Amino acid sequence: DNLTTERPTFVTHLECAATGEHYPADALHNLSRAGKPLLVRYDLDGVREALTKEALAGRPQDLWRYRELLPVRRLADIVSLGEAVTPLLTLPKLGKALGSTEILVKDEGRQPTGSFKARGLVMAVSMAKALGVTHMAMPTNGNAGAALAADASRCGIRTTIFCPEDTPEV
């Protein structure tokens, strides 16, 4: 099972999106020294050797089936509210009306918080837990804040969520 079996992770390091500078993967960082996001990098040859298509296909259909490609190293650090694999739905009538052969929409409403933000934030909260973070904060105008609050409360991390003053009213 994806949430009961330890699996290796093939994360090697973090890398600045602008400069390529390397950072350790198992340490708390914000932005790079260049003020840019840090990207997770992997030993893809190791993944190729360790994870077969058959093994992946036999796992439960959730986010955590891809554990070897996720940065959370220990099972005990995984925070989960049941993040599902979301389907691609075809919209044939809309496709026909727009003169397209196929239009696909990903149904993210099946996520625990009803938003695509669930995947990224459950990963951020799991890594925060792994790194000993006790309080997380973020600006949001909705979905991201709901996902952060839900995931963090699951594992006891305190959150401060705020809506910037210039957020458009709906």
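Buried means under 20% relative accessible area, exposed means over 50%, and partly exposed lies in between (1.4 Å probe, protein chains only). The model is predicted, so local features need pLDDT of at least 70 and side-chain atom pairs count only at pLDDT 80 or more, while totals for chains, interfaces and linings use all residues. Residues are numbered from 1 along each chain as its sequence is written, and side-chain values use heavy atoms, with hydrogens and water left out.

**Exercise 1. Find the salt-bridge partner of Arg41 and describe the surroundings of both residues.**

Step 1. A salt bridge here is a side-chain nitrogen of Lys or Arg within 4 Å of a carboxyl oxygen of Asp or Glu. The structure holds nine of them.

Step 2. Arg41 pairs with Glu15, and their closest N and O atoms are 3.4 Å apart. This pair links distant parts of the chain: Arg41 sits in strand 3 (residues 38-42) and Glu15 in strand 1 (residues 11-16), 26 residues apart. Helices (H or I, at least four residues) and strands (E, at least two) are DSSP runs, numbered from the N terminus.

Step 3. Now check the accessibility. Glu15 counts as buried because its relative accessibility is 18%. Arg41, at 32%, is partly exposed.

**Exercise 2. Work out how Asp45 and Arg48 are placed in helix 1.**

Step 1. Asp45 forms a salt bridge with Arg48, with 2.6 Å between the closest N and O atoms.

Step 2. Both belong to helix 1 (residues 44-50); they are three residues apart, so about one helical turn separates them.

Step 3. Asp45 and Arg48 are both exposed. As a general point, side chains of opposite charge can pair when their charged atoms come close.

**Exercise 3. Describe the setting of Ser126 and the partners of its side chain.**

Step 1. Start with location: Ser126 is in helix 4 (residues 117-130). Its relative accessible area is 0%, so Ser126 is buried.

Step 2. Next, look for polar contacts: pairs of N or O atoms within 3.5 Å, where within protein one must be able to donate a hydrogen and the other to accept it, and residues adjacent in sequence count only if both atoms are side-chain atoms. A polar atom of the Ser126 side chain lies 2.9 Å from the backbone nitrogen of Val79. The backbone oxygen of Val122 lies 2.8 Å from a polar atom of that side chain.

Step 3. Finally, list the contacts (heavy atoms within 4.5 Å). Leaving aside neighbours within four places in sequence, Ser126 touches Trp64, Val72, Asp77, Ile78 and Val79.
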